[in-house]
Amino acid sequence: MNIQPTPFDHPDAVKLNDAVQLEYAARYDDEGDVTPLDSAMFVPPHGLYLLAYDDEGHPVATGGWRTQNTNDAGYADGDAELKRMYVIPEARGLGLARRILTALESDARAAGRTRMVLETGVAQPEAISLYTSSGYEPCVKFGHYRDYPTSRCFAKPLI
């Protein structure tokens, strides 16, 4: 597997983003994640977007982080927000999500971010398991879905 920085609007990133949106829509019986995102949010040093490719060059996993600071959506100064973690079904169980997560944490730390935060939901138990086994703990809810009862927010210090 090859994990590499890729623009959020790259065709392979768009393909996996479309796939994860379909999965969100199916799991939550809604339109998917409508959190506003754009490519500029993931440009270093204010963020990073990663894609993993299999040995044949097919995109199989993705994840990114973007800078957040204190605002009315509940973020704190120094936050790095994890976004669009996804592994295609055929590549699950290979440790790709954990490898991407570790790389994103390292990059956010190097960029001076002090805490990684993420929002997931109750219909994603495997995501919750990944995050809690990686040192993330429940935190005060933040972000677009903070008022949704199915939303779960987690944080991990990066210092």
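## Surface and overall dimensions

The protein chain exposes about 7,900 Å², and carbon and sulfur atoms supply 55% of that area. The model described here is predicted. Of the 159 residues of the protein chain, 47% count as buried.

Taken along the principal axes, the C-alpha atoms fill a box of roughly 45 × 35 × 30 Å. Among contacts in the protein chain with a separation of 6 or more, 64% are between residues 24 or more positions apart.

## Secondary structure and fold

The protein chain contains three helices and seven strands. Read from the N terminus, these elements follow the order β-α-β-β-β-α-β-α-β-β. The radius of gyration of the protein chain is 15 Å, close to the 15 Å that the globule rule gives for 159 residues, so the chain is as compact as a globular protein of that length.

The seven strands form an open sheet in the order E1-E2-E3-E4-E5-E7-E6, with mixed pairing. Strands E1 and E6 are the edge strands, each of which pairs on one side only. In general, strands of a sheet pair through backbone hydrogen bonds, in either a parallel or an antiparallel manner.

## Strand E7 and its partners

Strand E7 covers residues 151-157, and five of its seven residues are buried, so the strand is largely enclosed by the rest of the structure. Strand E5, residues 115-121, is joined to E7 by seven bridges, and the two run antiparallel. Within this pairing, Leu 118 has Phe 154 of E7 as its bridge partner.

Strand E6, residues 137-138, is also antiparallel to E7 and is joined to it by two bridges. Glu 137 is the bridge partner of Ala 155 in E7, and Pro 138 is the bridge partner of Phe 154 in E7.

## Asn 2 in strand E1

Asn 2 belongs to strand E1, which spans residues 2-5. With a relative accessible area of 38%, Asn 2 is partly exposed, and E1 itself is one of the edge strands of the sheet.

When neighbours within four places in sequence are left aside, Asn 2 is in contact with Leu 51, Ala 52 and Tyr 53. Strand E2 is formed by residues 47-53. Asn 2 and Leu 96 are 94 residues apart in sequence, while their C-alpha atoms are 10.0 Å apart in space.

## Tyr 24 in helix H1

Helix H1 spans residues 11-28 and includes Tyr 24. Tyr 24 has a relative accessibility of 12% and therefore counts as buried, the cut-off being under 20%. Beyond its neighbours within four places in sequence, Tyr 24 is in contact with Asp 29, Asp 30, Gly 32, Asp 33, Arg 84, Met 85 and Gln 124.

Tyr 24 and Asp 147 are 123 residues apart in sequence, and the distance between their C-alpha atoms is 17 Å.

## Backbone features

Most residues other than glycine have a negative phi, and most peptide bonds are trans. Two of the residues in contact with Tyr 24, namely Asp 29 and Arg 84, have positive phi values, near 50° for Asp 29 and about 55° for Arg 84. Asp 29 is located in the loop between H1 and E2, whereas Arg 84 is placed in strand E4, residues 79-87. Asp 29 counts as exposed at 71% relative accessibility, while Arg 84 is buried, with a relative accessible area of 5%.

A cis peptide bond, with omega of about 5°, joins Pro 44 and Pro 45. Pro 45 lies in the loop between H1 and strand E2, and Asp 29 is found in that loop as well.

Terms used
Residues are numbered from 1 along each chain as its sequence is written. This is a predicted model: local features need pLDDT of at least 70, side-chain atom pairs count only at pLDDT 80 or more; totals for chains, interfaces and linings use all residues. Side-chain values use heavy atoms; hydrogens and water are left out. Helices (H or I, at least four residues) and strands (E, at least two) are DSSP runs, numbered from the N terminus. The radius of gyration is taken over C-alpha atoms; the globule rule is 2.2 Å times the number of residues to the power 0.38. Buried means under 20% relative accessible area, exposed over 50%, partly exposed in between (1.4 Å probe, protein chains only). Contact means heavy atoms within 4.5 Å. Accessible areas come from the Shrake-Rupley method with a 1.4 Å probe; for residues, only the protein chains shown count as cover. Two strands pair if DSSP finds at least two bridges between them.
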